[in-house]
Each structure stands twice: as structure tokens, then as C-alpha cells.
Amino acid sequence: KFIRFIYLNLADTSFKLKNYDETIQYGKKALEFEKEMDPTNQLNLFFNLANSYHMTKKDFDKALEYTLSILEISDKLIAQMEKTDQEAENRENFVKKYRVYYSAPAYRLQAMIWYSKGKNNTENIKQAAECALKAFENDDGSENSAKLAFSLAGNLYKKKLFKEAIAVAEKTIDTEKPKYNEVSFLANLHLKTKNKEKALHYLEIAYKVRPKAELALRIGQMFHKKNIDK
């Protein structure tokens with residue numbers, strides 16, 4: 001009756017101790033009782049297994065499979081809650097909790113797995129960036145998701161996928177408190193795509209964040225043909 005809880009706890013404890021091989025070993029045993037588990041235990045087990053398969057580099061496809069299971073369960077629970085007659089605030093809190101604590105981490109993990117599967121593969125990088133954006137959307141733009149997405153935008157840049165990099169970077173940039181390296185990066189990307197108007201827009205923001213003579217000169221050179229006074 002209680003054996004599944006023993007395996008669940010062994011898997012969870014092993015994961016916390018970073019014993020990923022043992023996490024997989026006990027996780028497989030716990031999965032024999034999957035149908036008898038409540039959704040929360042399933043979610044935690046799948047998360048531990050997905051991470052362990054990723055960290056050990058044993059089976060990236062298996063790791064992706066478990067992240068998909070996390071998303072499937074989370075989406076199902078969210079859909080069920082949205083159909084209930086509970087107060088709107090309770091429904092909103094429930095949905096937010098599952099998106100932030102389960103959906104977003106699953107998408108972030110998917111992004112890292114796709115990157116690990118082949119960081120020199122263009123399609124894998126694009127897939128990783130897409131997953132990072134989904135994580136960003138699900139946890140209301142957390143710093144962790146933003147950093148991951150922006151890092152992958154950098155990888156897209158290295159592959160000369162400038163438009164794809166712009167799409168990721170512009171969605172994750174903090175418009176209220178922009179960072180110098182982020183707006184400078186976007187300015188450079190727009191210069192690569194010959195969009196001087198956009199490049200100038202981000203260079204001006206960069207100058208406001210960190211005024212530098214060299215940057216002022218560059219902006220002035222770009223303005224001189226269209227607005228000599230500015």
C-alpha cells in the first residue's frame with residue numbers, strides 16, 4: 001500500500017542530493033505505481049526524471065518525453081479548474097500557480113534539453129529559443145526565463161539568424177528598466193538587418209542607460225543626414 005511513497009521519496013531525495021542515476025533507478029520503480037499517484041506526485045516525479053536524464057546526458061529524448069508529461073498534466077488541471085464554479089480569484093491563483101511552478105519550469109527545461117541535444121544544430125537552437133519564450137510567457141516574464149531566452153538569442157545571432165534573434169530578444173527585453181547590453185545587442189541586430197531606424201531607437205535607449213562619448217558620436221553620425229540639430 002505504501003511502497004510507492006517509499007520509491008517517490010527515494011527518487012526525490014536522490015535528486016536533491018544530485019544522485020541522478022539513483023533518481024532514475026528509484027523513479028522507474030515509482031512509475032510502476034503511476035496510475036495510483038495523485039497529480040502533484042506525478043508532476044514532481046516527472047520533473048525529477050526529466051532533469052536527471054538531462055543531467056546524466058543518458059537520454060535527451062526521454063527527458064523531453066517527461067517534460068511533455070508535465071505540461072500535459074498541468075494543462076489538464078488548469079482546464080479543469082477553469083471550468084469549475086469557484087470564485088474568479090481562486091481560479092486565477094490556481095492557474096497562475098501551475099503555470100509558474102510547473103509549466104514554465106518544464107518549458108525552460110525543454111529549452112536546455114534542445115540546446116544540449118545539439119548546440120551546433122540550427123533547428124535545435126530555434127526550438128530551444130521557442131521553448132524559452134513559452135516559459136517567459138507562462139511565468140509572467142521571470143528573470144530566469146528572460147535570461148535563458150536572451151542567451152539563446154545570442155546563439156541565434158552566432159548562427160546569423162538575425163531576424164529570429166530579434167524576435168526573441170524584443171519579446172523578453174525589460175522595457176521599463178532596460179539593460180545596456182540588451183539594448184546594445186538589439187541595436188546591433190537591427191544594423192545587421194539594415195533597419196537603421198530601429199537600430200537608432202535602441203542606441204538612444206542605450207545612451208540613456210549608460211551615457212558614453214563614443215556612443216553619442218555614433219548616434220550623431222547616424223542622425224546627421226536627417227536631423228542635423230539633434
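Predicted model: local features only at pLDDT ≥ 70, side-chain atom pairs only at ≥ 80, totals over all residues.

Biologist: Is Lys160 buried or exposed?
Modeller: Lys160 counts as exposed, because its relative accessibility is 65% and the cut-off for exposed is over 50%.

Biologist: And what is phi of Lys160 near?
Modeller: Phi of Lys160 is near 65°, which is a positive value in a residue other than glycine.

Biologist: What about Lys194, what is its phi near?
Modeller: Phi of Lys194 is near 65° too, again positive and again in a residue other than glycine. Lys194 is in a loop as well, between helix H9 (180–192) and helix H10 (196–209).

Biologist: Is Lys194 buried or exposed?
Modeller: Lys194 is exposed, with a relative accessible area of 71%.

Biologist: Which residues form the positive surface patch?
Modeller: Lys160 and Lys194 are both in it, together with Lys192, Lys196 and Lys225.

Biologist: OK, zooming out. How many helices and strands does the chain have?
Modeller: The chain has 11 helices and 0 strands. Reading along the sequence, you get the pattern α-α-α-α-α-α-α-α-α-α-α.

Biologist: What radius of gyration does the chain have, next to a compact globule of 230 residues?
Modeller: The chain has 22 Å, whereas a compact globule of 230 residues would be near 17 Å. Along the principal axes, the C-alpha atoms fill a box of roughly 80 × 45 × 25 Å.

Biologist: And what share of the residues is buried?
Modeller: Buried residues come to 42% of the 230 in the chain.

Biologist: Switching to salt bridges, how many are there?
Modeller: The count is 10 salt bridges. One of them joins the side chains of Asp61 and Lys117, at 2.8 Å from N to O.

Biologist: Which parts does the pair Asp61 and Lys117 tie together?
Modeller: Asp61 lies in helix H4 (residues 60–82) and Lys117 in helix H5 (residues 88–117), so the pair ties together parts that are 56 residues apart in sequence.

Biologist: How accessible are those two?
Modeller: Asp61 is partly exposed, with a relative accessible area of 49%. Lys117 is partly exposed as well, at 31%.

Biologist: Which residue does Lys126 form a salt bridge with?
Modeller: Lys126 pairs with Glu123, and the closest N and O atoms are 3.5 Å apart. Lys126 and Glu123 are 3 residues apart in helix H6 (residues 122–138), so about one helical turn separates them. Lys126 has a relative accessible area of 31%, which means it is partly exposed.

Biologist: And Glu143, which residue does it form a salt bridge with?
Modeller: Glu143 bridges to Lys147, with 3.3 Å between the closest N and O atoms. Both residues lie in helix H7, 4 residues apart, which is about one turn of the helix. Glu143 is exposed, and Lys147 is too.

Biologist: New topic: which residues make the nonpolar surface patch of about 230 Å²?
Modeller: That patch is made by Ile3, Ile6 and Leu10.

Biologist: Where is Ile6 found?
Modeller: Ile6 is in helix H1 (residues 3–16). Its relative accessible area is 47%, so Ile6 is partly exposed.

Biologist: Back to helix H4 for a moment. Is Ala63 buried or exposed?
Modeller: Ala63, which has its place in helix H4, is buried, with a relative accessible area of 0%.

Biologist: How are the C-alpha atoms of Ala63 and Ser52 separated?
Modeller: The C-alpha atoms of Ala63 and Ser52 are 7.7 Å apart, and the two residues are 11 residues apart along the chain.

Biologist: Last one: where does Glu82 lie?
Modeller: Glu82 also lies in helix H4. Glu82 counts as partly exposed, because its relative accessibility is 47%. Its C-alpha atom is separated by 8.4 Å from that of Glu92, 10 residues away along the chain.

Key:
Residues numbered from 1 in each chain as written. Heavy atoms only, no water. Patch = residues over 30% accessible without salt bridge, like charges linked within 9 Å, V, L, I, M, F, W, Y side chains within 5 Å. Areas by Shrake-Rupley, 256 points an atom, 1.4 Å probe, with all protein chains shown as cover. Salt bridge = Lys/Arg side-chain N within 4 Å of Asp/Glu carboxyl O. Lys, Arg positive; Asp, Glu negative; His and termini not counted. Charge placed at Lys NZ, Arg CZ, Asp CG, Glu CD. Helix = DSSP H or I, 4+ residues; strand = E, 2+ residues; numbered from the N terminus. Rg over C-alpha atoms; globule rule 2.2 N^0.38 Å. Buried < 20%, exposed > 50% of the residue type's maximum accessible area, 1.4 Å probe, protein only.
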